[in-house]
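Please look at the sequence and the structure first.

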Amino acid sequence: MGSVLTVKNINVYYGAIHAIKGISFDVNKGEIVTLIGANGAGKSTTLHTISGLLRSKTGDIEFLGSSIARTPAHKIVSLGISHVPEGRRIFQGLTVEDNLQMGAFVTKPDRIARNLEYVYEQFPRLKERAKQVAGTLSGGEQQMLAMGRGLMSDPRLLMLDEPSMGLAPILVDQIFEIIHNLHKAGTTILLVEQNAQMALSIADRAYVLETGKIALEGSAEELMGNEQVQKAYLGE
Amino acid sequence: MADKIKKSINAKRLKGAVRNNQYRKEAIISYGILVIGFILLQLGASAGLIGRNLQGQFVPICVYMSLAIALNLVVGLSGELSLGHAGFMAIGVFTGIIVTRILESSVTADWLRLIIALIASAVVTSIAGFIIGIPILGLRGDYLAIVTLAFGEIVRNLMNVLYFGLDKNGKLHFAFNHTIEEVDTSGRIITGAIGATGVHKTASFASATLLTAFTLFVVLNLKNSKQGRAIMSIRDNRIAGESIGLNVRKYKLMAFVMSAALAGMAGCMFGQNYSTMAPAKFNVNTSVLILVFVVLGGIGNIWGGMIAAALLTVLPEALRQFADYRMLTYAIVLIVVMICTYNPAIKARISGIVKKLKPKKKKHGKDKTGKEAA
Ligand SMILES: Nc1ncnc2c1ncn2[C@@H]1O[C@H](COP(=O)(O)OP(=O)(O)O)[C@@H](O)[C@H]1O
Ligand SMILES: [Mg+2]
């Protein structure tokens, strides 16, 4: 199992605010790795740094063996990292299918039809709504669309930022089932969640982030059984 | 201000139907307005139904339509506010005048000189757009509006002290802030605040209409292209645009530079329609006027902007009978139209009535999706 992503000692600032304080972690091929932590712990900031929207002052980020720490954001997508940002960032005015097509902006034209078919397979609901304007979709459908769009660029690593945020429990189950299916199909996933219970239930390994630092790490099972984690994140 | 405009863009997009049909419809309406307008005005003029004053407005109408289309590229497609388009227009005007004057002896055909001048104006204004676009497109919303406004003023003030002329040997001279000794009165092209004088006019209603058609062609094609969709996607959701690998700066700059070039060409045509042209014309009022065309026509609505440009260019002439109250009437007309098309309360009332008229079936569908979202 080769390493897909290696994050080494990154420090990220918003002006004077020191948001990420020297964290390191890695994601191996075919794994689901989850970053869990409370609101404001720095989970989104970490993903933004990997996708090139923010820069680390120190350390390095390696993707498939080469450094991407200085690569511009739009090139990182074509290298194979797909970032599904938090808050269901879809193109409201475009139809579902056009949103998916936009997701393939950097994809080789001959793969687009295949990818579209694959996304529709994973998200049958999106196929039903293909011609609907995306802004009129329900919250859960918008999240599916954002994830589907992320899959259109043939990602070698899919980064999901709080896909369950603000969804009803039944929809959360659906979304996690889809993530599980993607994992089974071989997609490598870095999952950011506040819903630690759900995240740990499908992940291979996990890192617990607290105010910009990694407080704990281990296999998902280990952390599930960890007293500290249970107290702080699992509400037991 | 920028936020409000963005919201109304999103509201409009939500109503959008299937994309390709919409583009086809837009193209047919836009070109239709241009062709029918041209034929009607041409027939009206030759039949003697249209007065000389109004005939004098034919070229400006086309120019302002082009400017409205060009600005829509920035305001409508790219979702940024520019208050500096009079600056690009001015650069186009004076580039065009200088180029046609230099070529006067070597290129005898008016139309050819006009085409060369248009190309030169496009080149110069796109360079200007590129130079100011690079640092400012990182700014957003109101900041961009302020900086572009300043740009327009800087251009006008530079034009105010610019001297250009040909000496007896046909050599080109230019200077800032003082007259040029080698150039006698007949060789002067641009004279500071007086501006350009003795311009040999090369514009015509037909060529101005063709320029508008060209502007339409460029903008509609961009809108319907992969690049155009990238530009509009970034406008709709910048973060999502970044997340799918769009180079935000590149596409914003592309829209801005193309818009600047088209505005420069429109300016060139404008300058070729008068024998004199003073820089004072290209102040903030003119930039705002172009923005008013775009806003009044519905942001992002290409043909709406064209109609607004045509009507608001003709209106001051038509209101001449009100004499002193002309500009007051003009302002009142503007305000009333704005309120009717943009006031959310009035809009909500209208859409409320429309909803009542719709069959109940749709409401059920909505409830279902609403529950799922909760
Ligand atoms: N744009 C920003 N400007 C300044 N501070 C920010 C910004 N975005 C996030 N932060 C701060 O950085 C820290 C980490 O935020 P974030 O990564 O969004 O947390 P999480 O995703 O874990 O909820 C928080 O303290 C937050 O207030
Ligand atoms: Mg977050």
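How many helices and strands does the secondary structure of chain B come to? The answer is 16 helices and 4 strands, where helices (H or I, at least four residues) and strands (E, at least two) are DSSP runs numbered from the N terminus.

This is a predicted model, in which local features need pLDDT of at least 70 and side-chain atom pairs count only at pLDDT 80 or more, while totals for chains, interfaces and linings use all residues. Residues are numbered from 1 along each chain as its sequence is written, chains are lettered from A and ligands numbered from 1 in the order in which they are written, and side-chain values use heavy atoms, with hydrogens and water left out.

**Chain B**

Of the 374 residues in chain B, 51% are buried; buried means under 20% relative accessible area, exposed over 50%, and partly exposed in between (1.4 Å probe, protein chains only). Contact means heavy atoms within 4.5 Å. Among contacts in chain B between residues at least 6 apart in sequence, 75% join residues at least 24 apart.

Helix α9 (residues 226-236) of chain B has 8 of its 11 residues buried, so it is largely enclosed by the rest of the structure. Among them are Ile231(B), Met232(B), Ile234(B), Arg235(B) and Asp236(B).

Axes are lines fitted to C-alpha atoms, for helices over the stretch in contact, and angles run from 0 to 180 degrees between N-to-C directions.

| Helix pair | Angle | Axis distance |
|---|---|---|
| α4 (residues 58-77) and α8 (residues 205-223), chain B | about 15° | 8 Å apart |
| α5 (residues 85-103) and α11 (residues 248-271), chain B | roughly 50° | within 6 Å |

The angle in the table makes α4(B) roughly parallel to α8(B). Angles under 35 degrees count as roughly parallel, over 145 as roughly antiparallel, 65 to 115 as roughly perpendicular and the rest as oblique. The crossing of α4(B) and α8(B) is left-handed, a term used if the near helix is turned anticlockwise from the far one by less than a right angle, with right-handed used if clockwise. This contact has 14 nonpolar, 4 polar and 1 charged residues. Here Ala, Val, Leu, Ile, Met, Phe, Trp, Tyr, Cys and Pro count as nonpolar, Asp, Glu, Lys and Arg as charged, and the others, Gly among them, as polar.

α5(B) passes α11(B) in a right-handed crossing. The residues of the contact of α5(B) with α11(B) divide into 9 nonpolar, 7 polar and no charged.

**Chain A**

The magnesium ion (ligand 2) is coordinated by Ser44(A) (OG) and Glu86(A) (OE), at 2.0 to 2.8 Å. Donors are N, O and S atoms within 2.8 Å of the metal (3.2 Å for Na, K and Ca); water is not among the atoms, so sites may look incomplete. Ser44(A) counts as buried at 16% relative accessibility, and Glu86(A) counts as partly exposed at 30%.

Leu145(A) lies in helix α6 (residues 139-151) of chain A and, at 0% relative accessibility, counts as buried. Leaving aside neighbours within four places in sequence, Leu145(A) is in contact with residues including Ile90(A), Leu100(A) and Leu126(A).

Glu162(A) has a positive phi of about 45° although it is not a glycine. Glu162(A) is found in the loop between β7 (157-161) and α7 (169-184) of chain A and counts as buried at 6% relative accessibility.
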